[in-house]
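Me: I am new to this structure and would like to learn how to read it with some care. Could we take one feature at a time, beginning with the ligand and its surroundings?

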Amino acid sequence: MSITGNYDTDNIFAKIVRGDMPCVKVYEDEHTLAFMDVFPQSRGHMLVIHKREQARNLLDVSTDGLAQIMNSVQKLARAAEQALKPDGIIITQFNGAPAGQTVFHLHFHIIPKYEGDLKPHASGGMADMDALAATADLIKTEL
Ligand code: 5GP
């Protein structure tokens with residue numbers, strides 16, 4: 001899917017926002033939702049999305065919506081740092097399939113980086129759901 005086009009209201013993350021698909025939720029506020037990536041690149045890999053903005057990527061989103069997402073990205077990155085003590089934290093975001101985007105609802109990845117341990121983007125297997133939930137619980141205690 002190219003960088004331009006129409007927003008598909010049936011994308012996976014829209015379904016998660018509607019409650020039509022399950023997720024391991026870490027945080028929610030009036031505007032945004034954060035949940036665990038089910039194909040994590042590292043322990044604590046989270047995704048942060050806007051709940052109402054119908055934006056496929058960074059180019060589509062309103063400045064207010066973007067600010068609301070980034071506010072949550074920082075909050076969750078801080079919580080992950082406190083809870084998981086990674087060596088670093090990577091924040092990524094892809095625009096258009098040629099850039100690596102696979103789900104076309106704007107999202108930011110928060111990827112804790114541990115020395116010598118990081119899978120490439122879109123390469124990991126599905127996580128154990130109990131392990132994901134346990135990691136989410138650790139991060140929640142720091143929010
Ligand atoms: P993108 O490639 O668009 O930047 O990132 C999409 C992310 O969504 C990937 O890291 C992928 O592992 C994750 N993902 C794909 N399907 C699902 C799903 O059904 N639930 C969750 N929680 N994450 C998903």
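Predicted model: local features only at pLDDT ≥ 70, side-chain atom pairs only at ≥ 80, totals over all residues.

Me: How many residues surround the ligand, and which are the closest?

Reply: The ligand is surrounded by 17 residues, and the closest of them are Asp37, Thr102, Val103, His107 and His109.

Me: Which polar side-chain atom lies 2.4 Å from an oxygen atom of the ligand?

Reply: That atom belongs to Asp37, while an N or O atom in the side chain of His109 is 2.8 Å from an oxygen atom of the ligand.

Me: Which elements give two or more residues to the shell around the ligand?

Reply: They are α1 (12–18), β2 (32–36) and β5 (107–113), and the space that the ligand takes is the largest pocket.

Me: How is a pair of aromatic rings described?

Reply: One gives the distance of the centres and the angle of the planes. This structure holds one aromatic pair: the ring centres of Phe13 and Phe35 are 5.3 Å apart and their planes stand at 75°, so the pair is edge-to-face. Because Phe13 lies in helix α1 and Phe35 in strand β2, the pair ties together parts that are 22 residues apart in sequence.

Technical notes
Residues numbered from 1 in each chain as written. Heavy atoms only, no water. Near = heavy atom within 4 Å. Polar contact = N/O pair within 3.5 Å; in protein donor to acceptor, adjacent residues only side chain to side chain. 1 Å grid on protein atoms, 1.4 Å probe; cavity = no way out; pocket = protein on both sides within 12 Å on 5 of 7 lines; lining within 4 Å. Sits in = over half its atoms within 2 Å of the grid points. Helix = DSSP H or I, 4+ residues; strand = E, 2+ residues; numbered from the N terminus. Phe/Tyr/Trp six-rings, centres within 6.5 Å; stacked < 30°, edge-to-face > 60°.
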